[in-house]
Amino acid sequence: MLKLAIDFGTVMTKIYKLGSGIVLAEATCVSVARETGAITAFGNDAKRLWGKTGDFGDVLFPVYEGDIANEEQAAALLEYFLKKIVGRSFSVEALFCVPCGCGAAAREKYYRVAKSAGISRVCFAETPYLAALGHDVPLSESNPVFAIDIGGGKTSLATFSLEGIIAGLTMSVGGNNMDIHIIDQIAETYNLKIGALTAEKLKNTVGSLIEHDNQSMLVNGRDITSGRPRSVTVSSEDVLFPIRVYVDKIAEYAEIVLKKLPAEVSAAMCKNGIFLTGGVCNIAGLADYMAERLQMEAHLPSDAQMAIILGGGRVIGNRSLRDKICME
Ligand SMILES: Nc1ncnc2c1ncn2[C@@H]1O[C@H](COP(=O)(O)OP(=O)(O)OP(=O)(O)O)[C@@H](O)[C@H]1O
Ligand SMILES: [Mg+2]
């Protein structure tokens, strides 16, 4: 039986195959014909159409803020990904990476989607544990860890040990909020309407929390007054506020989690610092900004967006770890 770890993220799906490593990283989206509702493209092919379908179709994201919002589209997309990596006939056992505090009802949805995509056996692991493993931090009962995963649709914050979550929460803040805010900011500053794909690219290219960072990028859009196509050069400074406002919110919630900790756990936090994961943590200067805000060391892995799935990969290959942290 093939063993996979699957991170069905709001923005990007990552799949790890035991024995091979990461075998897939694709947009979690489908394009749908407006008249018939039929799926016309999957994954990255669908995302390329985002904002370009006119009245003919829609690009939809079946996972919303870490929760499966459309089971039928989610199952079709997952089946497409599985066919891509394991071919037509397969018997698969999968570990799903789920948000911190993912309840029975949400897990039931993952279970139905997995079954309908052809997966035979399913288990679940919460992202904070996988974040630590993705950082190569060994889990133990006596050494609590604080992990923050900032994804496209949500942020999970948790202090935990191998015994369980000591304090944690999942909030509906992520890269998508920043992208939407960037669209509004560019409209206000330059009287230019840009699309969601352009806003995401701006965040990922010039987005920075480093003071006076002077990265810039040429962006194209539609002049709001004349309606004509127009280009402007956008700088890091232009997108600073739409990014910082959400990072500040995450830091505020991190403080709430830290305040709930027993003294001995706080002491361990001083020593261990914060372990950051999620694509948004790639924003230049984010780790230093968090460290400064929370007065703790902040660790960033070499590939923040892939850390959770690498953690998932470590669990599927380790029976005792699996027994300790996985839920059915
Ligand atoms: N270099 C980068 N700089 C800034 N943001 C980035 C960068 N690369 C990716 N991102 C952003 O990271 C987000 C996706 O990260 P990730 O794959 O961790 O999220 P996800 O797992 O799909 O979502 P979630 O965990 O919320 O369900 C997107 O908002 C994407 O634009
Ligand atoms: Mg994620």
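Trainee: How many aromatic pairs does the rule count here?

Mentor: The count comes to seven aromatic pairs. Bear in mind that this is a predicted model.

Trainee: How is such a pair described?

Mentor: In general, two values describe a pair of aromatic rings: the distance of the centres and the angle of the planes. Take Tyr110 and Phe124, which lie 6.1 Å apart centre to centre, with 70 degrees between the planes. Planes over 60 degrees apart count as edge-to-face, so the pair of Tyr110 and Phe124 is edge-to-face.

Trainee: Where in the chain do Tyr110 and Phe124 sit?

Mentor: Tyr110 belongs to helix 3 (residues 104-116), and Phe124 belongs to strand 10 (residues 121-126). The two are 14 residues apart, and the pair links distant parts of the chain.

Trainee: Now the domains. Into which domains is the protein divided?

Mentor: There are domain 1 (2-130 + 308-325), domain 2 (142-173 + 243-304) and domain 3 (190-240). The contact between domain 1 and domain 2 takes 13 residues from domain 1 and 16 residues from domain 2.

Trainee: What area do domain 1 and domain 2 bury between them?

Mentor: The size of an interface is often given as the accessible area lost when the parts come together. For domain 1 and domain 2 that is about 1200 Å², with 70% of it on carbon and sulfur atoms.

Trainee: How many salt bridges and polar contacts are counted between domain 1 and domain 2?

Mentor: Zero salt bridges are counted, and two residue pairs are in polar contact.

Trainee: Which element gives the largest share of the domain 1 side?

Mentor: Helix 4 does, with three residues. By class, that side of domain 1 has seven nonpolar, three polar and three charged residues.

Conventions:
Residues are numbered from 1 along each chain as its sequence is written. Chains are lettered from A and ligands numbered from 1 in the order in which they are written. This is a predicted model: local features need pLDDT of at least 70, side-chain atom pairs count only at pLDDT 80 or more; totals for chains, interfaces and linings use all residues. Side-chain values use heavy atoms; hydrogens and water are left out. Domain bounds come from an automatic or database domain assignment. Contact means heavy atoms within 4.5 Å. Buried area is the accessible area (1.4 Å probe) that two parts lose on being put together, summed over both. A salt bridge is a side-chain nitrogen of Lys or Arg within 4 Å of a carboxyl oxygen of Asp or Glu. A polar contact is a pair of N or O atoms within 3.5 Å; within protein, one must be able to donate a hydrogen and the other to accept it, and residues adjacent in sequence count only if both atoms are side-chain atoms. Helices (H or I, at least four residues) and strands (E, at least two) are DSSP runs, numbered from the N terminus. Ala, Val, Leu, Ile, Met, Phe, Trp, Tyr, Cys and Pro count as nonpolar, Asp, Glu, Lys and Arg as charged, and the others, Gly among them, as polar. Rings of Phe, Tyr and Trp (its six-membered ring) pair if their centres lie within 6.5 Å; planes under 30 degrees apart count as stacked, over 60 as edge-to-face and the rest as tilted.
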